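This briefing covers helix packing, annotated segments and salt bridges. The sequence and structure are shown first.

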Amino acid sequence: MAETLETEIAVRHSNRRKKKKRPVTWSLIKSQNQLIWMSVPLMLYIILFAYVPVWGWTMAFQNYRPAKSFSEQEWVGFKQFKFLFTDDNFLRVLRNTLSMGIINLVLGFVTAIVLALLLNEIKNVLWKRTVQTISYLPHFLSWIIVTGIVATSLSINDGIVNIVLMKLHLIKEPILWLSEGKYFWGIVGASHVWKEVGWNTIIYLAAIASIDPALYEAAEIDGASRYRKMQFVTLPGIKATIVILMIMSIGHVLEAGFEVQYLLGNGLVVDWAETIDIFVLKYGLAQGNYSLATAGGIFKTVVSVTLLLMANGISKRLGEERLL
């Protein structure tokens with residue numbers, strides 16, 4: 001049964017890939033001129049806010065001084081980058097960023113897929129919509145509010161987490177969750193899951209809705225249980241979506257966050273809380289070293305693009321869906 005379903009799904013996906021792309025001709029462009037004009041404001045926005053600021057990257061190769069003009073700046077080559085890779089603080093910040101980024105990536109993917117599968121199995125439409133609405137409402141809360149809720153929940157005085165754990169006799173006394181570095185990464189990961197898991201399930205539910213119902217009917221005729229349907233019909237049916245989102249998420253693995261670390265962090269957990277974004281803010285604004293801050297930002301961008309291309313290339317070699 002499993003082999004039959006997998007074969008049928010693979011055939012359908014291969015047929016989609018074999019469809020020839022429509023060649024781009026002037027007649028095609030003219031027929032879509034309205035869509036092209038509608039995209040002009042978006043293109044201008046991207047050029048203005050995404051490409052024009054790249055000119056500022058030149059500061060990373062200068063000993064930049066705001067009072068001087070561009071021609072008067074002192075060029076220092078890769079001096080700022082050499083300092084980054086030999087600075088213990090930056091290496092610690094890089095460790096924190098990678099660790100929290102990977103934790104957010106893994107937890108975000110697993111929880112979103114599992115929740116989407118479970119919601120898809122709920123037959124009561126009203127209950128399903130209620131659960132889905134409740135799960136994605138936190139997405140619309142700002143990190144200021146979320147971190148306030150997290151800090152209150154983890155408080156040693158009346159925090160709900162300590163109260164529940166003590167009632168269950170799992171701990172004997174309240175734990176200072178936000179004062180010990182070993183807990184910080186887990187708290188950040190759990191906060192991201194609580195805030196974004198419902199929102200992340202929306203695209204998976206949309207992909208599940210596009211699966212041919214005939215596959216479920218065939219599986220039911222073959223005697224497949226609900227678990228088997230999820231395993232051999234639902235998951236293969238949304239595999240392309242999972243792969244594309246995985247590639248995009250890997251490219252953002254260094255986007256571990258700024259607000260949650262900045263707002264929940266304190267002097268006791270600073271060695272675990274600082275990320276590259278906080279490092280850039282600290283050196284760029286607090287200390288006025290704009291060149292070093294720009295070099296840190298360039299490093300983050302280059303690594304993100306490299307990871308994106310690597311993930312896309314690996315997916316291509318494995319014969320899976322790819323982004324580029």
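Over residues 232-254 the chain is 83% helix and 0% strand, with the end C-alpha atoms 33 Å apart. Helices (H or I, at least four residues) and strands (E, at least two) are DSSP runs, numbered from the N terminus. This is a predicted model, in which local features need pLDDT of at least 70, side-chain atom pairs count only at pLDDT 80 or more, and totals for chains, interfaces and linings use all residues. Residues are numbered from 1 along each chain as its sequence is written, and side-chain values use heavy atoms, with hydrogens and water left out.

**Annotated segments**

- An unreviewed UniProt entry lists residues 35-58, 102-120, 140-165, 232-254 and 290-314 under "transmembrane region"; the positions follow the numbering used here, feature names are shortened, and annotations may be inferred rather than shown by experiment.
- Residues 290-314 are 100% helix and 0% strand, and their end C-alpha atoms lie 36 Å apart.

**Helices α12 and α16**

- The axes of α12 (residues 239-251) and α16 (residues 290-317) come within 7 Å and cross at roughly 155°; axes are lines fitted to C-alpha atoms, for helices over the stretch in contact, and angles run from 0 to 180 degrees between N-to-C directions.
- The two helices, α12 and α16, are therefore roughly antiparallel (angles under 35 degrees count as roughly parallel, over 145 as roughly antiparallel, 65 to 115 as roughly perpendicular and the rest as oblique).
- Contact (heavy atoms within 4.5 Å) involves V243, I247, M248, I250 and G251 of α12, and S304, L307, L308, A311, N312 and S315 of α16.
- Seven of these contact residues are nonpolar, four are polar and none is charged; Ala, Val, Leu, Ile, Met, Phe, Trp, Tyr, Cys and Pro count as nonpolar, Asp, Glu, Lys and Arg as charged, and the others, Gly among them, as polar.

**Helices α5 and α11**

- The axes of α5 (residues 88-121) and α11 (residues 226-237) come within 12 Å and cross at roughly 120°, and α5 and α11 are therefore oblique to each other.
- On α5 the contact is made by I113, L117, N120 and E121, and on α11 by R226, M230, T234 and L235.
- By class, this contact of α5 with α11 has four nonpolar, two polar and two charged residues.

**Salt bridges**

- The structure holds nine salt bridges (a side-chain nitrogen of Lys or Arg within 4 Å of a carboxyl oxygen of Asp or Glu).
- One of them pairs R92 with E274, with the closest N and O atoms 3.4 Å apart.
- This pair links distant parts of the chain, 182 residues apart: R92 is in helix α5, and E274 is in the loop between α14 (270-273) and α15 (276-286).
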